[in-house]
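Try each exercise yourself before you read its solution.

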Amino acid sequence: MKLKSILGTAVLLSAVFFTNINAQNTAKSTKARAEYIEVEPNVKLHVIDLGEGKPVVLIHGYPLNDASWEYQYLPLVKAGYRVIAITLRGFGQSDKPYGKYNYDQFASDIKTFLDKLDIKDATLGGHSMGGAIALHYVAKYNAAHVSKLALFAAAAPVHTKKPDYPYPLFTKEEITNWVDLVSVDRPGLLNTIGERFVLSATSVPAGIGAWLGGIEMQSSAYAMEQALIALRDEDLRGDLPKIKIPTLIMQAKQDRIVAYALAEQMNKAIKGSTLIPFENSGHALFIEEKDKFNEEFLKFLKQ
């Protein structure tokens, strides 16, 4: 009887133990995560934070926000990754304060954000201007929190032509015309960008184009103006030798916003980097060729 009693007690304690463990695991996996992270007083950034596993941090391009990664979220989560997409200040549902909107400010926001979430060993990926910001972050903060870098049609290291750097598609004067357009016809500016954003008028369904346009109009006019000035004037050539972590560069050959030649230059300057060309998309390679994009990105994450 004593043996049965001891066994019965052991079974009961075991059941209680595993019930508690399961309850803790369930609580851990279902606890709601913050939708906003404060990076300085009165400035909160909107975040989409999905999945479990090794973190993948995504930075959107100009003038989009975290919603633009819709066709990357589920593939990454299903592959076992935690996906954290940050909306930069001034865009989407993030706060839109008066102040600086240059690459140093954006990189500082990302650093504070990752500090607060205590992110470790992440892959940092960025599209277009977001790629330039991701590059600058890794160089400025010595890859803090980050073990890999992914650049998607990154507007880097320079977005406008210079006497000693002919590779970008635009002159300073052309981008200045876009800056001026913000204050007189912002929808017109978005239409100008939109025409160049995709490979052709039929490369994405009309509904996708309308969806992207709606995302862009969530940006503040002030942020759009100031960020476009940064895009025009920043020069990250000095950052390239500072990139010491594995780097993936994905770039469409027919991109009409960021020249393929820029990707080639970064590939030469970032030691050990890998360049993956895209043949059937424009600047929106992560939407126009999303299957190839997701496949190549996942391959890089698993390396």
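**Exercise 1: two helices crossing**

α2 passes α11 in a right-handed crossing (right-handed if the near helix is turned clockwise from the far one by less than a right angle, left-handed if anticlockwise). Helices here are DSSP runs of H or I with at least four residues, and strands are runs of E with at least two, numbered from the N terminus. The model is predicted, so local features need pLDDT of at least 70, side-chain atom pairs count only at pLDDT 80 or more, and totals for chains, interfaces and linings use all residues. Residues are numbered from 1 along each chain as its sequence is written, and side-chain values use heavy atoms, leaving out hydrogens and water.

Task: work out how α2 and α11 pack.

Step 1. Their axes are 10 Å apart, at an angle of about 45° (lines fitted to C-alpha atoms over the stretch in contact, with angles from 0 to 180 degrees between N-to-C directions).

Step 2. That makes α2 oblique to α11 (under 35 degrees is roughly parallel, over 145 roughly antiparallel, 65 to 115 roughly perpendicular, the rest oblique).

**Exercise 2: the two sides of α2**

Task: find which residues of α2 are buried.

Step 1. In α2 (residues 70-78), pick out Gln-72, Tyr-73 and Leu-76 (buried is under 20% relative accessible area, exposed over 50%, partly exposed in between; 1.4 Å probe, protein chains only).

Step 2. These buried residues line one face of α2, because they fall within an arc of 110° seen down its axis (using directions from the helix axis to the C-beta atoms).
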